[in-house]
Amino acid sequence: MTGRLLLAAALLFLLAFLASPHSFAGLFQPLIRPNQPAIYTQTPLWSLTLSHLTLVALAVSASTLVALILAVLVTRPAGREFLPLARTITAVGQTLPPVAVLALAVPVMGFGAGPTLVALFLYGLLPVFENALAGLTRQPAQVAEAARGMGLTARQRLWQVDLPLALPVILTGMRLTAVISLGTATIGSTVAARTLGEVIIAGLLSSNTAFVLQGGMVVGIIAILIHQTFQTLERMAARRIGLG
Amino acid sequence: MRLDRPGLLFALIGLAGLILPFAEFKPNRILAGEGATLAAALPLGVALLFALAAMFAMGVFRLPAILRLTAALAALLAVLLAIGAAARHLTPEGDTLARVSPASGFWLLLLALVLMLADAVARLRPGLMLRGLLLAGAVAAAWFLLASGALDQVSTLREYSVRREVFLREARAHLLLAFGSLGLALLVGLPIGMLLYGARRLRGPVLSVLNILQTIPSLALFGIMIPIFSWIAATVPGAAQAGVSGIGVFPALVALFLYSLLPVVSNTLTGLDGVSPSTRDAAMGLGLTRPQLLGWVLIPLALPVLLAAVRIVLVQNIGLAVIAGLIGGGGFGTFVFQGLNQTAMDLVLLGALPTIALTLVAGIAMDLVVEGTARRRQEA
């Protein structure tokens with residue numbers, strides 16, 4: 001209960017801060033040198049937050065979609081040949097540092113949101129893929145038996161049995177991806193993506209700790225809220241299939 | 001003969017690589033360049049083109065994995081040597097400004113061959129020993145290729161040759177950041193994990209704090225460390241003399257250390273919790289003291305999970321250390337961000353490629369170590 005209250009308070013604080021950052025100027029006043037602005041005003045914080053969230057949502061949806069399709073394909077008889085390869089690709093995708101991928105994507109895609117999307121997309125493949133694979137393959141043998149006994153076709157089994165049963169672990173994978181992507185997206189602002197990283201970088205360039213802190217704070221609060229939302233969804237999904 | 005579907009995929013990528021420009025000639029390091037196909041980029045280009053095409057075509061059929069492995073290795077070496085030769089061939093005699101860099105065709109060929117290689121290795125299901133040898137062989141071969149001078153005319157290595165000293169310094173800084181923060185995290189995180197193992201009530205709060213630390217974006221955490229360390233240097237007597245300062249390696253090192261704490265602490269807990277109660281009771285029944293129980297029984301049994309944390313932290317920190325380049329903390333990130341500022345992509349590659357190579361080698365090597373200890377534990 002206290003946890004929920006704290007979360008609600010965090011959400012309210014975040015919304016109030018984004019709606020009217022200047023009312024909170026006093027909070028950041030102790031962190032700045034004389035004559036430095038306490039609140040970032042170059043671009044409205046709410047608009048940076050929106051484009052930051054859009055970028056992360058796009059990347060997470062894309063990597064979830066591709067990882068799910070991959071996981072389903074390599075668990076069908078026709079795609080089994082690709083299983084070792086798919087595992088290698090997703091594992092390497094997560095090993096590559098997002099910053100390096102970001103930098104390498106710049107010559108191909110130019111400055112802007114593109115390189116950030118690619119970096120987040122690659123990094124996000126593994127958690128969803130591995131979890132979906134585990135969810136699709138490590139089901140009790142009785143489940144497959146029962147589905148076959150009921151006369152379900154392979155496609156019906158996938159949609160009505162396998163995927164719903166794998167949903168909680170797939171959501172866990174999405175949660176890991178989303179939280180990491182939120183933080184990593186800030187680096188996108190080094191190559192001109194519009195994210196909250198813009199605020200942090202402006203702070204770094206002008207030695208304004210207030211900027212660094214407010215950028216970091218907004219991202220951090222959103223990350224905690226998203227983390228909790230996914231955990232709630234995971235619990236709901238688990239309850240639906242009779243677990244937890 | 002039966003078709004091999006992954007082989008078909010590699011052939012398609014490879015074909016695109018053969019058609020697209022192989023190398024790019026630029027009058028100087030900033031200007032845009034023009035592409036040259038494999039056939040035009042080097043004297044025996046046409047022959048190489050046909051050889052590679054034949055190799056990819058062969059890969060479409062189901063052949064023994066060892067044969068595919070050898071073919072992919074040979075082709076990879078040929079492509080790497082070809083880019084070095086193309087750079088020598090395309091650079092006019094005595095022109096020190098002109099740059100030849102790898103173009104899209106080269107990168108696609110590299111991708112196709114590396115995928116083919118990875119697929120062949122995965123199908124061979126090599127033992128730990130063989131995988132270790134393969135990794136060592138790959139590192140040695142890369143070293144030899146770079147040291148041989150065959151690639152010296154390629155643009156990224158030209159960037160290297162004019163800043164050899166700086167490169168070595170930043171490489172040391174990068175390794176110090178990645179391994180130093182790992183060492184600190186183990187030094188602090190292991191005791192915290194063991195403490196929490198005994199004190200269940202503290203687990204929730206401590207893990208929550210570490211979790212929240214993890215949600216702060218790396219860029220902000222690095223940034224917040226700067227004023228904190230400037231303040232420490234200015235107020236704590238002797239700190240400035242000891243080298244503590246708001247700029248330089250300290251803020252980055254501590255930021256990386258803070259990020260590493262959660263994986264170390266939580267894996268220590270998971271590892272210790274994973275030891276079965278009956279094993280623990282048996283050890284206690286033998287009259288082991290608490291430290292003996294921890295050192296002789298619990299830690300050896302938890303070792304695979306602890307090493308898994310080391311893998312996570314190492315790979316994560318080698319990557320995150322790039323960001324230190326943005327706040328003057330050194331490391332390969334210095335080249336990445338300098339290059340992005342000057343839109344000099346060769347310089348970006350000089351920072352990004354070693355970082356990627358380091359993470360891959362560290363990741364694969366740690367996987368081998370984790371698997372090795374897990375297997376030993378099962379046998380014991």
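1. In this predicted model, Phe106(B) is a buried residue, its relative accessible area being 4%. Trp107(B), by contrast, is partly exposed, with a relative accessible area of 34%. The rings of these two residues, Phe106(B) and Trp107(B), form an edge-to-face pair, since their centres lie 5.1 Å apart and their planes meet at 75°, and planes over 60 degrees apart count as edge-to-face.

2. In chain A, ring pairs connect Phe13(A), Phe17(A), Phe24(A) and Phe28(A) into a cluster.

3. As for the overall build of chain B, it contains 15 helices and three strands, and its C-alpha atoms fill a box of roughly 75 × 60 × 30 Å along the principal axes. Of its 380 residues, 46% are buried, and among contacts with a separation of 6 or more, 78% are between residues 24 or more positions apart.

4. The accessible surface of chain B amounts to about 18000 Å², with 71% of it belonging to carbon and sulfur atoms.

5. An unreviewed UniProt entry lists residues 171-366 of chain B as "domain: ABC transmembrane type-1"; over residues 171-366 the chain is 81% helix and 0% strand, with the end C-alpha atoms 20 Å apart.

Note on methods
Residues numbered from 1 in each chain as written. Chains lettered and ligands numbered in written order. Predicted model: local features only at pLDDT ≥ 70, side-chain atom pairs only at ≥ 80, totals over all residues. Heavy atoms only, no water. Helix = DSSP H or I, 4+ residues; strand = E, 2+ residues; numbered from the N terminus. Buried < 20%, exposed > 50% of the residue type's maximum accessible area, 1.4 Å probe, protein only. Contact = heavy atoms within 4.5 Å. Areas by Shrake-Rupley, 256 points an atom, 1.4 Å probe, with all protein chains shown as cover. UniProt positions renumbered as here; feature names shortened; annotations may be inferred. Phe/Tyr/Trp six-rings, centres within 6.5 Å; stacked < 30°, edge-to-face > 60°.
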